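Open the model in your viewer and keep the selection panel at hand. Each stop below says what to select and what is there.

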Amino acid sequence: MYQIDLNSDMGESFGAYRLGGDEELIKYVSSTNVACGYHAGDPMVMEKVVKMAKERHVAVGAHPGYPDLMGFGRRKMTLDPKETKNIIKYQVGALMAFTQSYGMKLQHVAPHGALGNLCQYDRETSRAICEAVYEIDPSIMIFYCAGAVLGEEAEKIGLKTASEIFVDRAYMDDLSLVPRKMEGSMITDEEFAIERSIRMVKEGKVTALSGKELEIRGDTLCVHGDGPKAFDFVKRIKESFAQEGIIIKNFQ
C-alpha cells in the first residue's frame with residue numbers, strides 16, 4: 001500500500017480578480033498551499049479558503065512568496081537573509097491568524113514561485129526561511145521541491161519535511177523544475193500526467209525533459225491551482241490512485 005499527500009495552491013485570487021477554482025479543487029485534495037497576500041491573495045480570500053479547508057478536513061499550509069503582486073511572485077528578487085526571514089514571518093503569521101481563528105493547526109510552509117525555485121540550490125535563503133518557521137513554531141513542516149537544499153537545511157535545524165513532486169511540471173536533469181519560459185515546462189496531457197504521477201509515487205522515478213531517467217522521492221504531490229487542467233488533474237488523480245491502491249492523506 002502506498003500513501004501520499006495531494007496538495008494544490010489556492011487563495012490566489014485578489015480583490016476583484018479571480019484565479020483558480022478553489023471551491024472545486026478543495027473537494028479532492030488533502031492539503032492546500034494558501035497565498036498570503038504578497039504574490040497573490042488578500043484577507044478575504046485567505047479567510048474563505050481556510051473556512052473551506054476546515055469544512056472539508058483539508059490541512060492548511062502557507063505559500064509565502066516575494067512581495068510582487070504584479071509578477072505573481074515569479075520574478076527574481078534580491079533580498080538579504082534578514083529580509084527573507086521577515087517576509088516569511090509576516091506572511092506565515094498572517095495566515096496563522098486565520099487558521100487559529102478556525103481552531104486549525106498550520107501544517108506546513110511551502111515557498112512559492114521564484115523564491116521556491118531559489119531554494120533548489122541557495123542555502124542562505126533556505127536557511128533564512130527555515131529559521132523563520134522554526135522561530136514561529138518548530139512543529140510546522142517544510143514542503144520542499146524534490147532535490148532542493150531547502151529540505152537539507154530544514155532537517156539541520158530540526159524541522160519536519162516533505163518532499164514535493166509535481167503533476168503538471170517537467171523536470172531538468174538536476175530535479176529542478178523546467179523554467180516556465182521553456183517549451184515543455186508545463187504538462188497538460190491528462191493521461192501522461194496521471195501515469196507519470198503513479199510512477200513517481202510507486203517507483204520513485206521520473207523522466208526529465210531531456211529523456212534522462214531520474215530518482216525522485218515524493219511525500220506530497222502538487223497540482224498548480226492556476227493550471228488550465230487543475231480540476232481535471234485532481235479529479236482523475238483521486239480516481240486513478242484509488243484504483244492503484246495509493247492512499248491520499250495529509251500529515252495531520
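**Before you start**

This is a predicted model, in which local features need pLDDT of at least 70 and side-chain atom pairs count only at pLDDT 80 or more, while totals for chains, interfaces and linings use all residues. Residues are numbered from 1 along each chain as its sequence is written, and side-chain values use heavy atoms, with hydrogens and water left out. Helices (H or I, at least four residues) and strands (E, at least two) are DSSP runs, numbered from the N terminus.

**Stop 1: helix α3**

Select residues 81–101. That is helix α3, with 21 residues. From first C-alpha to last it reaches 30 Å, close to the 30 Å expected at 1.5 Å a residue. The expected span is 1.5 Å times one less than the number of residues.

Now colour by burial. Buried means under 20% relative accessible area, exposed over 50%, and partly exposed in between (1.4 Å probe, protein chains only). Which residues of α3 are buried? They are T84, K85, I87, I88, Q91, V92, L95, M96, F98 and T99. Look down the axis of α3: its buried residues fall within an arc of 165°, so they line one face of the helix. The arc is that of the directions from the helix axis to the C-beta atoms. An α-helix has 3.6 residues a turn, so residues three or four places apart point the same way.

On the other side of α3, find K82, Y90, Q100 and S101, which are exposed.

Show the neighbours next. Contact means heavy atoms within 4.5 Å. The buried residues of α3 pack against several elements, including β2 (31–35), β3 (59–63) and α5 (123–136).

Check both ends. At the start of α3, a side-chain oxygen of D80 comes within 3.0 Å of the backbone nitrogen of K82. Just after α3, G103 has a positive phi of about 70°.

**Stop 2: S126**

Move to helix α5 and select S126. At 0% relative accessibility, S126 counts as buried. A polar atom of its side chain lies 2.8 Å from the backbone oxygen of D122. Leaving out residues up to four places away in sequence, S126 touches C119, V149, L150 and E153.

**Stop 3: strand β6**

Select residues 161–166 for strand β6, where 6 of 6 residues are buried. T161, S163 and I165 point one way, and A162, E164 and F166 the other.

Strands pair if DSSP finds at least two bridges between them. C145 stands opposite E164 in β6. From β5 the chain passes through helix α6 (residues 149–157) to β6, a right-handed β-α-β crossover. Right-handed here means that, with the strands pointing away from the viewer, the path from the first strand over the helix to the second runs clockwise.

**Stop 4: strand β9 and C222**

Strand β9 (residues 220–223) pairs with β6 in the parallel sense over 3 bridges. F166 has C222 as its bridge partner in β9. Strand β1 (residues 2–10) also pairs with β9 in the parallel sense, over 4 bridges. L6 has L221 as its bridge partner there.

Both faces of β9 are covered. T220 and C222 on one side, and L221 and V223 on the other, are all buried.

Finish on C222. Is C222 buried or exposed? At 1% relative accessibility, it counts as buried. Its contacts, not counting residues up to four places away in sequence, include N7, D9, N33, E164 and F166.

Conventions
A polar contact is a pair of N or O atoms within 3.5 Å; within protein, one must be able to donate a hydrogen and the other to accept it, and residues adjacent in sequence count only if both atoms are side-chain atoms.
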